[in-house]
Amino acid sequence: MQLTTNGIIEEKTAWESAGVKLPEYDITKLRENTAVNPKWIHFGAGNIFRGFIAGIADSLIEKGKLDAGIIAVETFDSEIIDRIYNPFDMLTLSIGLKPDGGSVKRVTAGIGDAISIIQGKKDAIKKYVVNPSLQMISYTITEKGYACTDLSGNIFEGIMYDIESGPDKAMTVMGITAAVLNMRYKAGAYPISLVSMDNCSQNGKKLRDAVLFIADRWLKRGFVEKGFIDYISDESRVAFPWSMIDKITPRPDENIARGLEELGIEAMAPIVTSKHTFIAPFVNAEIPEYLVVEDSFPNGRPPMEEAGVYMTDRDTVNNAEKMKVMTCLNPLHTALAISGCILGYKKISDEMQDEDLKKLVYMLGDEGMKVVTSPGIIDPKDFIREVLEQRLPNPGLPDTPQRIATDTSQKLAIRFGETITGYCYQGEEEKLTVIPFVIASWFRYLIGLDDEGNEMPLSPDPMIEIVRSALVGLELGKVNEDMSGINWVLTNIELFGSNLMDIDSLGIKIKNYLKEMLMAPGAYRKVLHKLVNV
């Protein structure tokens, strides 16, 4: 069986016998309509998009609620389009992994076109952007995709290139976004919504701030008109809704690929591109999924609520985001990622069989729940119970601590900053114990040695070199009294959400934990065990 439009039609019986649900709509007609009547563009063509966002479109199309597919746009890795989208006719085999080891298999065809914008070539997207029918542009580009400056306020090289070169040559996602908005402004200043669907607090604000950051500098250089700035500044014409997204989508698993090929489905092997993207014709992910979106769409929108999306107001989105990102899931993930790397684990689900680590994340959840704000539409207690009892322990989910440890420096303020602030507001910062342990664990992780003292590869992170430079002199197996470098890092508000050296009890706990963790090989486990068994 071939994962192509002809393949699923000609071999429909075989696909269904293999337990795979197929699209019931006319894929060719859908794509023809996408070309003339586009509704939705999405930046970021990776796994979370294919396994979740495109699945929302697929569900709406099946119900007759959407008559155009999503236009997928990739700006970083053209091999995703060349090697995964084009050979498989933009179809995705979505594998929902059950905790009992079973799966739900479905072919989705909600992608109406796939475009690679590499080195600033935006001609392929222009026909969609200038069309009055376009309602929204969404994003899954990770937190760092919205950053224009580093922690010292220096403009990133790519952003500076876009600022100096202008809209026609823009290459970063934020530069390209500002450029396509300028196209739409020139075509008639049609209304539109831009929706970040990334795991970061106030993601709509981050997106808006980044676009305006570039556009304002283009105005000063004469690249755009003042009317363009007025257009993108007016949220009744260009809206930036906030959102909260939640679905664990690991890298494609080779064992799942082999299982699919045993069913007779051809060419399922995952690939790693030259830019280190892990991707496959299928997406393996957990079944639970949440998307909460602020209902601000000046040009209308697809009825996403009919595909399970919560459409609501900004305050509710913000509270849902805080609940998930700052308390009920992401902090637990980060704690397991850092500790799992140090202790040599390769799967998150295996960590949940470790009594010390299991206790750690239960304690971390309790710590955050004391200051969480309920969004109303989702009960935090029910949400975290599902995370702890079903999602993290799911043995069918091939997620790794090494993947989740990627870009940890970009996540600490988001995952822990609000809880720290909440405790400080209540005057109870001295009661924090698990969060300072996790922050100390991150420093311990950056030493680059596991708990046995063996060299340990570090996951990619834009702040690795800067933070590791502050760790010079700290060594495993010796008494480390000089914490001046740690003091310097802890003062960074961008990194932690506040100056942790101004919170005496927190700074002292972090440094004391780290000193204990570095006493000798095996010390990390001892500190962890002591913490969770008090």
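Reader: Buried means under 20% relative accessible area, exposed over 50%, and partly exposed in between, with a 1.4 Å probe and protein chains only. So is T140 buried or exposed?

Author: T140 is buried, at 11% relative accessible area. One caution first. This is a predicted model, where local features need pLDDT of at least 70 and side-chain atom pairs need 80 or more, while totals for chains, interfaces and linings use all residues. Numbering runs from 1 along each chain as its sequence is written, and side-chain values use heavy atoms, without hydrogens or water.

Reader: Where is the place of T140?

Author: In the loop between β7 (136-139) and α7 (157-165). Helices (H or I, at least four residues) and strands (E, at least two) are DSSP runs, numbered from the N terminus.

Reader: Which side chain has a polar contact with T140?

Author: H42, at 2.7 Å. A polar contact is a pair of N or O atoms within 3.5 Å; within protein, one must be able to donate a hydrogen and the other to accept it, and residues adjacent in sequence count only if both atoms are side-chain atoms.

Reader: What else is in contact with T140?

Author: Skipping neighbours within four places in sequence, the residues in contact with T140 include F43, G44, I48, F49, M197 and D198. Contact means heavy atoms within 4.5 Å.

Reader: F43 is an aromatic. How many aromatic pairs are in the whole structure?

Author: The search finds 9. One of them is F43 with Y139, a stacked pair with 5.3 Å centre to centre and 10° between the planes. F43 sits in strand β2 (residues 40-43) and Y139 in strand β7, so to speak distant parts of the chain, 96 residues apart. Rings of Phe, Tyr and Trp (its six-membered ring) pair if their centres lie within 6.5 Å; planes under 30 degrees apart count as stacked, over 60 as edge-to-face and the rest as tilted.

Reader: Are F43 and Y139 buried or exposed?

Author: Both are buried. Elsewhere, ring pairs link Y185, F228 and Y231 into a cluster.

Reader: Zoom out. How many helices and strands does the protein chain have?

Author: It has 24 helices and 15 strands. The radius of gyration is 24 Å, close to the 24 Å from the globule rule for 534 residues, so the chain is as compact as a globular protein of that length. That radius is taken over C-alpha atoms, and the rule is 2.2 Å times the number of residues to the power 0.38.

Reader: And what share of the residues counts as buried?

Author: 57% of the 534 residues. Among contacts between residues at least 6 apart in sequence, 76% join residues at least 24 apart.

Reader: Which residues have the most contacts inside the largest nonpolar core?

Author: Y85, L93, F437, W442, F443 and F496, in a core of 132 residues. Helix α19 (residues 434-446) gives the largest share, 10 residues. A second, separate core of 49 residues includes V129, V173, V224 and I232. A nonpolar core is a set of buried Ala, Val, Leu, Ile, Met, Phe, Trp, Tyr and Cys residues joined through side-chain atoms within 4.5 Å.

Reader: New topic. Where is E321 found?

Author: In helix α12 (residues 314-328). E321 counts as buried, at 2% relative accessibility. Beyond its neighbours within four places in sequence, its contacts include N199, C200, S201 and S243.

Reader: What about Q202? What is its phi near?

Author: Near 50°, a positive value in a residue other than glycine. Most residues other than glycine have a negative phi. Q202 is in the loop between β8 (192-196) and α9, and is partly exposed at 29%.

Reader: And N203, buried or exposed?

Author: Buried, at 0% relative accessible area. N203 lies in helix α9 (residues 203-220).

Reader: Last one. Which side chain has a polar contact with Y290?

Author: E386, at 2.6 Å. Y290 is in strand β14 (residues 290-294) and counts as buried at 14% relative accessibility. The C-alpha atoms of Y290 and F52 are 9.4 Å apart, though the two residues are 238 apart along the chain.
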